Amino acid sequence: MNCCHVKNQCLVIRLPKEIDHCQAEQIRQECERSFMNFIIRDVIFDFSDTSFMDSSGIGLILGRVRQIHPINGKVYLFGGNEIVRKMLEMSGIQNVVTVLDTIEEVKEVYE
């Protein structure tokens, strides 16, 4: 799938157009490989291309929150259409992650 890359100890996950159980599992596995191969302090989920997400996408995010929390890292969310943002809002996930509104804010995290 190749949606993850690491820059300056920040794992950036560029999510696909649709995130369902199958896609979320593939992304989770790719994230795990990144955590094994790199030192990661922060995670950015980039929803710029995503138009659909079910609850497995929320689980994917929460899994990274649990993974990064012990090292005082942060998880950030960026992008997403109205449907994705509504799903994130309804889940309450915005209470445990930081939402970035501009690409400049994203760049500040990993530069």
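I started with what covers the buried residues of α1, and the list includes β1 (4-7), β2 (10-14), β3 (18-19), β4 (42-46) and α2 (55-68). Contact here means heavy atoms within 4.5 Å. Helices (H or I, at least four residues) and strands (E, at least two) are DSSP runs, numbered from the N terminus.

Housekeeping: this is a predicted model, where local features need pLDDT of at least 70, side-chain atom pairs count only at pLDDT 80 or more, and totals for chains, interfaces and linings use all residues. Residues are numbered from 1 along each chain as its sequence is written, and side-chain values use heavy atoms, with hydrogens and water left out.

Next I checked the helix itself. Helix α1 covers residues 21-37, which is 17 residues, and reaches 25 Å from its first C-alpha to its last, close to the 24 Å expected at 1.5 Å a residue (expected span: 1.5 Å times one less than the number of residues).

Which residues of α1 are buried? I get A24, I27, E30, C31, S34 and F35. Seen down the axis of α1, these buried residues fall within an arc of 145 degrees, so they line one face of the helix; the arc is taken from the directions from the helix axis to the C-beta atoms. The face turned away from the buried side carries the exposed residues H21, M36 and N37. My cut-offs: buried is under 20% relative accessible area, exposed is over 50%, partly exposed is in between (1.4 Å probe, protein chains only).

Then I went through the salt bridges (a side-chain nitrogen of Lys or Arg within 4 Å of a carboxyl oxygen of Asp or Glu). The count comes to 6.

- E25 and R28 pair at 2.6 Å, N to O. Both lie in helix α1, 3 residues apart, about one turn of the helix. E25 is partly exposed at 28%, and R28 is partly exposed at 30%.
- E32 and R64 pair at 3.2 Å, N to O. E32 lies in helix α1 and R64 in helix α2, so the pair ties together parts that are 32 residues apart in sequence. E32 is partly exposed at 26%, whereas R64 is buried at 4%.
- D42 and R41 pair at 3.9 Å, N to O. D42 is buried at 8%, while R41 is partly exposed at 47%.
- R14, D46 and D49 are linked in a network of salt bridges.
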